[in-house]
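Grab a pencil and open the viewer. Here are some exercises, each with its solution worked through.

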Amino acid sequence: MRFGEMGTFLWYFQRISALIVLSYVLTIFFSYIFFDFSSYELWRNFITTREIKLYTTIFLLISFSHGVQGLKAVEDDYLSERTLGFLSANIAKYSSLARLLYRFVILLVIFVTSYVFVIYYLVDL
């Protein structure tokens, strides 16, 4: 894959992942409307089926990657030397530091989210 094609791939991935997230949300929404979940046990039996757990896992992974890609786009668009240079030439000098701190926060969120996902969701499969 050439460099120019990677941006196109990521653009398509962002749109397709948004459709997958939307389909999951609509599935949960319409199942809540059309099925009788008059008690917690009925709802729990529905969401703990293998199919819904698989669909939820796909949803979580896709929405997670969708969000990380969106955060990367924010970094590229707003934390560049050129963009920060519009504010001040002195601030533009610290664009590398701002990007590094931004990436650190993103990685921290990724690790915490992964820990919670693995420990509290996948272990219970």
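This is a predicted model: local features need pLDDT of at least 70, side-chain atom pairs count only at pLDDT 80 or more; totals for chains, interfaces and linings use all residues.

Residues are numbered from 1 along each chain as its sequence is written, and side-chain values use heavy atoms, with hydrogens and water left out.

**Exercise 1. Check the span of helix α3 against what its 29 residues should give.**

Start with what counts as a helix: a DSSP run of H or I with at least four residues, numbered from the N terminus. The expected span is 1.5 Å times one less than the number of residues. For α3, residues 50–78, that gives 42 Å. Now take the end C-alpha atoms: they sit 42 Å apart, so the two values agree.

**Exercise 2. Do the check again for α6, then list its buried residues and what they pack against.**

With 26 residues, α6 reaches 37 Å from first C-alpha to last, close to the expected 38 Å. Next, burial: buried means under 20% relative accessible area, exposed over 50%, and partly exposed in between, using a 1.4 Å probe and protein chains only. Ser95, Arg99, Tyr102, Ile106, Ile110 and Phe117 of α6 are buried. These buried residues pack against α3, α4 (81–85) and α5 (89–92), where contact means heavy atoms within 4.5 Å.

**Exercise 3. How do α3 and α6 run relative to each other?**

Two packed helices are described by the angle between their axes and the distance between the axes. Axes are lines fitted to C-alpha atoms, for helices over the stretch in contact, and angles run from 0 to 180 degrees between N-to-C directions. Here the angle is about 175° and the axes are 11 Å apart. Over 145 degrees counts as roughly antiparallel, so α3 and α6 are roughly antiparallel to each other. Among the residues making the contact are Leu60, Phe64 and Val68 of α3, and Tyr102, Arg103 and Ile106 of α6.

**Exercise 4. Is Thr56 buried or exposed, and which partners does its side chain reach?**

A polar atom of the Thr56 side chain lies 2.7 Å from the backbone oxygen of Ile52. The Thr56 side chain also makes a polar contact with the side chain of Tyr24, at 2.9 Å.

**Exercise 5. Where does Ser17 lie, and what does Ser17 touch?**

Ser17 belongs to helix α1, residues 3–34. With a relative accessible area of 1%, Ser17 is buried. Its side chain reaches the backbone oxygen of Gln14 at 3.0 Å. Leaving out residues up to four places away in sequence, Ser17 touches Ile62 and His66.

Conventions: Helices (H or I, at least four residues) and strands (E, at least two) are DSSP runs, numbered from the N terminus. A polar contact is a pair of N or O atoms within 3.5 Å; within protein, one must be able to donate a hydrogen and the other to accept it, and residues adjacent in sequence count only if both atoms are side-chain atoms. Angles under 35 degrees count as roughly parallel, over 145 as roughly antiparallel, 65 to 115 as roughly perpendicular and the rest as oblique.
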